Amino acid sequence: MLSFIARRLGLLIPTFFGVTLLTFALIRLIPGDPVEVMMGERRVDPQMHAEAMERLGLNKPLYAQYLDYIGDLAQGDLGESLRTRTSVWSEFLTLFPATLELSLAALLFAGTLGLTAGVIAALKRGSLFDHGVMGIALTGYSMPIFWWGLLLIMFFSVNLGWTPVSGRIDLLYDIPPVTGFMLIDSLLSDEEGAFVDALQHLILPAVVLGTIPLAVIARMTRSAMLEVLREDYVRTARAKGLSPARVVFVHGLRNALIPVLTVFGLQVGALLAGAVLTETIFSWPGIGKWLIESIGARDYPVVQNGILLIACLVILVNFVVDILYGLANPRIRHQR
Amino acid sequence: MNASTEVPVIDQSLLYPSPLKEFWQAFAHNKGAVAGLLFMLLVVFCALFAPWVAPYNPSEQFRDFLLTPPAWLEGGQAQFLLGTDELGRDLLSRLIHGARLSLMIGLASVLMSLIPGILLGLTAGFFPRLLGPSIMRLMDVMLALPSLLLAVAIVAILGPGLINTVIAIAIVSLPAYVRLTRAAVMGELHRDYVTASRLAGAGLLRLMFVTVLPNCMAPLIVQATLSFSSAILDAAALGFLGLGVQPPTPEWGTMLASARDYIERAWWVVSLPGLTILLSVLAINLMGDGLRDALDPKLKNAV
Amino acid sequence: MANCPRLLIHLLLCGALAAASQTFAASDDLVVCTEASPEGFDIVQYTAATTADASAETLFERLLAFAPGTTQLIPGLAERWEASVDGLNYTFHLRHGVKFHSTTWFTPSRDFNADDVLWSFQRQLDPQHPWHAQSLRGFPYAEAMGMAALIERIERLDDYRVRFVLKHPEAPFLADLAMGFASIYSAEYADQLLKAGTPERLNSQPIGTGPFVFERYAKDAQVRYRGNPQYWQGAPALQRLIFAITADPNVRQQKLKADDCQIALYPRPVDIPALKADTALQVLELDSLLTAYIGINTRHPPLDDVRVRQALNLAFDRAAYLRAQYGEGGASLAVAPYPATLLGYNEQLSPWPYDPPRARRLLREAGHQDGFKLSIWTRPGGGPTNPNPGIGAQMLQADLAAIGIQADIRVFEWGELIKRAKNGEHDLVFMGWAGDNGDPDNFLTPNLSCAAAESGENQAGWCDAQFDALISQARQVQAPAQRAELYRQALAIFHEQAPWIALAHPKQFSALRREVKGFVLSPMGSNNFARVTRQ
């Protein structure tokens, strides 16, 4: 098992360097430079422009810039945003909990609902419920979520007034950031009603972001469950006269969860991509919006290191899923 | 051998049906897939004959009819069946012409990622020592970046536009094909027929393209359908972020993005393009499900 | 598994609760829905209006101020001032007893005095100043205004008197000192930060003398201030001021209607009629110092031909453009580079009419009866001068097609657009200019002079010797009547030569809840909440 983990870890190193190279190259290939963007509607004269580029170290040859970058990384220095002059790490730390909170809420929504629906659909294969769930799942899977978000806002927030339009909490609640998770911070603060308010703000974005994972998980659970229910050990368990619930949950679901787990892993990247759109629609102050804006503003350090951090996160989650998968399935572990 | 000249009475039910017929029967068995196919045929028809089907030129601006509601609503005009947009352009015509673009984007980006994806995947499968791992690491790197962010970055480099949207989507969906092809190739390489062909003296290229590749096609075709639909979604998402196909080209996502400002006053400019995207993508996915069931029974019930 | 139904019920419950619950804001709190996160709070490093609102208007003050809602100068941190006859020496008498903010991170030991004024300017002007190199971005506003070339030196006469010595007389100098980049910082605070080795806090934990004290900032979410109880003009009525950062104008509008915020800045002009119709709301509007225009690249044939440029002006249906872009009454049609309220506006000029046949005739005369190809350049996201760039470019494209000119639209991010336009790669480019001191020269020299054509900032690349001579002369003349006459002549040349398609002078709007009082729009586009009350 340890050698399996070591082998997987070994694979991460070239991937990590590949990502640094890719992000470094990507942002520099984008035309336009940060100095002009910084100046906004005002325009710069060439001499001032050259001075500013020099101050920012952007006049050095590319390889030197890359070495600077790797050197800084090695020292744990992620640099400063060119726009705001705050460190990329601290910006990431303030924004990331919002994205994480949203993503976890979305996964919770997708996971619970998707697993339940998938299991029931598998058990009642061919029933109206099964067809209905699979139809809805496929529709959810085909949903342009930016449009879905707009529709939900129109209906629930604007027409019915049930949920707030945007943001993480009503700003009249004065919630000092402790953990960065609004749900937790609102409980820690002594503001009354803040938690419920934060929850209300979270519902729609989480539903929107969770829609596609929900569809995927429901479909995956159903098919994994069907597969497992055909297996010999399930048949044996049934034959032994175990209660149907015990067969389904202990023998069936536990084994069906393995493929579902990998889907969870694969969905992390998709979830972050979806977060970009969801955050845009709901004015959710997370990293998706931050990165898109930074690309627009040619904010090199933010794009480079922000994307790097996200990539590391994706790599890490997939690594953990890999390991879990290996734990659950010895055949994978011994494969070379 | 039996040299009899009389025509034997053949029990039709014992005959192995032709692959095409078998495929069609399996496909037609899935009602959703047939519905999807019918809807897609309609979309393809609209796309092919857009100039004749659409009532107006999609870029013609009727400046006296800004944001006219659909015909059945109060204030609607019979001449603009689905209403007009913020510049007074006929929405129906734009949606019809948009079908062209979306199909083209889907098709082009699938081809542009399928072909290099297969080549890289085959290479990776056939050279498992040095080339293969390097290719796979490169794909890992690409997979580590969330697809939409990567696409945004690529569009930022190339500049927004139709072709660049296609390129960005193609690049982003490349790793899936490479991985899939490689996995399929690895699975086939140790089969007896490959060994036989190798012993018979088949060259590398022949082994790759004639012997192995055809046996890996089923999952690739299914993946191609899936990425066709996700290409349409991605293009729309890029358009929505203002980075996709540029106006006045009537791409569905771009239409949605510019209509977003009018959501409270003119629901139709937002709802209709979104609904069109949803229906088309759903239709393709339904077809994809049917294709998978028909082509690759092994994959049946997988996601 | 088991908690799933519970979760569902919970979700449903929350929906129902939300319908019932209503937050009531205390009347001494104000939430303002703004457009973008401030880039930072050290205002001299930045130029964006949203950044200025969050720092220069709330936290800081300057020697002089603009009287609310006007471009008229009034005393600020300087009680009075006198200028020498030659216009080279300005002496400022500073206000006594002005206190810097007391916060958890800084307690001032002394009142505002001359040291603070010197620090605030020397930091930007003197390359040897210990704080000069702290700004990686430089000091874009002061640099763009050419302050280093204007100010010879600044002398401290005593604790409460400061003298500025200029290199040459400059009429708008006093107005410059009322602008954001001339904000006065606490030298004492800066010294402390430098000693502690935390100079970046100047940007994240700002200290000023202004009506509000900085509390907390969460990027892309909110900025929180509290009223400054020691404010020398009297503590503001607001206990708390909160900026809710809301990028989408639709959302700002929805939040305003839901009373989630009481002021929504930058509403879209096209939404104004609906906002006005809502009885719970009020809409403020003001003619601003904005000009929207299309620069015609006169270096690219056939655009070097004045007949072609006139034809473009005649071909574009600007009335329809104004209607679609700014809504009914959202902007006035532009004829000249600056609005009619400024000095030297030429009333005799009449706007180019929408007359495609005449445009075609002119093209024929110029030998272009078969038309030609052009590129139209614009940006992706809207701004005050161009709220919806997409539809504007498409309307121009359609109108040009009607006179046989085929145009394709190219969209570039702002930074790239400016860079390429400066290189003169465009044919037609949608641009805007925001005047910031109400002087006609502020519109003409940066955009239309020969020097600007040289540097590329004159996107038309238009260098007309006569026009250039007139505006240079007007810069040096002091007598307003004489200046006005020179500008009138210059504008006539501009109009006839048509280096631009002048589009519009957009109005500025803000939407507020009806109970909000005391908020006025500023022609400079800044937003100040010091005098706002809620009833």
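Buried means under 20% relative accessible area, exposed means over 50%, and partly exposed is in between (1.4 Å probe, protein chains only). This is a predicted model, where local features need pLDDT of at least 70, side-chain atom pairs count only at pLDDT 80 or more, and totals for chains, interfaces and linings use all residues. Residues are numbered from 1 along each chain as its sequence is written, chains are lettered from A and ligands numbered from 1 in the order in which they are written, and side-chain values use heavy atoms, leaving out hydrogens and water.

**View 1. Who touches B:V212?** Setting aside residues up to four places away in sequence, B:V212 touches B:F126, B:V185, B:E188, B:Y193, B:V194 and B:L207. A contact means heavy atoms within 4.5 Å.

**View 2. B:V212 alongside B:L189.** Count along the sequence and these two are 23 residues apart. In space, they sit 7.4 Å apart, C-alpha to C-alpha.

**View 3. Stepping back to chain B.** What is chain B built from: how many helices and how many strands? There are twelve helices and zero strands. Buried residues make up 54% of the 303 residues in chain B. The C-alpha trace spans about 80 × 60 × 30 Å along its principal axes. As for contacts in chain B between residues at least 6 apart in sequence, 68% join residues at least 24 apart.

Notes. Helix = DSSP H or I, 4+ residues; strand = E, 2+ residues; numbered from the N terminus.
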